[in-house]
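Let's take a walk through this model, one spot at a time. Keep the viewer open and follow along.

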Amino acid sequence: MDELISAEPARALAGLLGVPAPGLDLPPLWHWVYLLDRPAQADLGPDGHPLRGLLVPPGPRLRRMWAGGRVHVDGSLHIGLEATRRSAVTATVPKAGRSGPLTIVTVTHEISQYGRTVVREEQDIVYRRPSGALSTSDIPAAPAGPGEWEIETSPTLLFRFSALTYNGHRIHYDRDYARTEGYPGLVVHGPLQALAMASVLRCAGTGTFTYRLLAPLFDFQGMRVSGGPDGTAAVRDRTGRQTATGRWVTPDQ
């Protein structure tokens, strides 16, 4: 897949996150708004996911969740130049989870520009059987701590992020559908949490960003992001429940 890396998607993402738009170099992880699969409407299933293509569930009636990944950055993608993405499923591992059997599918993407690979990424996608409805905690909300970045995860923001990343999964913007999958609210995207963690760490240049999604985060729970000088970051909801962790490691570490 080839695409000209134009300035407009980066400006749109900057406006959504409330951060300055980048110059000619994209920050790490911002490639997620480029080189996107855009299936035909007729090729989507009832949940909004494609029925055909690279990421087809390894069995019927399985639900898909983004579990984490690793992004290896060997330079910046430049706005104004064409980039190429090559993707492949590189691992399929069955496991026994707390809620039953699941399958972890790893998809590897390589993005090249000006004749060399700039980004190599492994995304871990979990497929699992439907489970019962999830409950939410009654712990009262606490104020944001020093240095925490609070992001209001409104339905509008989640809808806009879905549109920007061409993500049709209905759990992120269709509350009634999300409830049919057992969720008490709209699910905050894993990539949105990862992008926020990379932003607070001010990731730049070359390095590897590793992130893990620990628990679902819902729109009404809020999102607070923190990062430290040791290169680690975390996302929690308003009650302090941690939902994601991340780490940025540079070549000299």
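Start with a side-chain pair: Asp 219 and Arg 175 are joined by a polar contact of 2.7 Å. Bear in mind that this is a predicted model. Where does Asp 219 sit? You'll find Asp 219 in the loop between strand E7 (207–213) and strand E8 (223–227). Beyond residues up to four places away in sequence, Asp 219 touches Thr 153, Pro 155, Leu 158, Arg 175, Gly 185, Leu 186 and Val 188.

Next, the helices. Two packed helices are described by the angle between their axes and the distance between the axes. Here helix H1 (residues 7–17) and helix H2 (residues 155–164) pack at about 165°, with axes 11 Å apart. Angles over 145 degrees count as roughly antiparallel, so that's how H1 and H2 run relative to each other. H1 passes H2 in a left-handed crossing. On the H1 side, Pro 9, Ala 12, Leu 13 and Leu 16 meet Leu 157, Arg 160, Phe 161 and Leu 164 of H2. By class, that contact has seven nonpolar residues, one charged and no polar ones.

Now hop to His 31, in the loop between H1 and strand E2 (63–73). Buried or exposed? With 6% relative accessibility, His 31 counts as buried. Its side chain makes a polar contact of 3.3 Å with the side chain of Trp 32. Leaving aside neighbours within four places in sequence, His 31 is in contact with Val 71, Leu 77, Ile 111, Val 119 and Glu 121. Take Val 119: His 31 and Val 119 are 88 residues apart in sequence, yet 8.7 Å apart in space, C-alpha to C-alpha.

Notes. Residues are numbered from 1 along each chain as its sequence is written. This is a predicted model: local features need pLDDT of at least 70, side-chain atom pairs count only at pLDDT 80 or more; totals for chains, interfaces and linings use all residues. Side-chain values use heavy atoms; hydrogens and water are left out. Helices (H or I, at least four residues) and strands (E, at least two) are DSSP runs, numbered from the N terminus. A polar contact is a pair of N or O atoms within 3.5 Å; within protein, one must be able to donate a hydrogen and the other to accept it, and residues adjacent in sequence count only if both atoms are side-chain atoms. Contact means heavy atoms within 4.5 Å. Axes are lines fitted to C-alpha atoms, for helices over the stretch in contact, and angles run from 0 to 180 degrees between N-to-C directions. Angles under 35 degrees count as roughly parallel, over 145 as roughly antiparallel, 65 to 115 as roughly perpendicular and the rest as oblique. A crossing is left-handed if the near helix is turned anticlockwise from the far one by less than a right angle, and right-handed if clockwise. Ala, Val, Leu, Ile, Met, Phe, Trp, Tyr, Cys and Pro count as nonpolar, Asp, Glu, Lys and Arg as charged, and the others, Gly among them, as polar. Buried means under 20% relative accessible area, exposed over 50%, partly exposed in between (1.4 Å probe, protein chains only).
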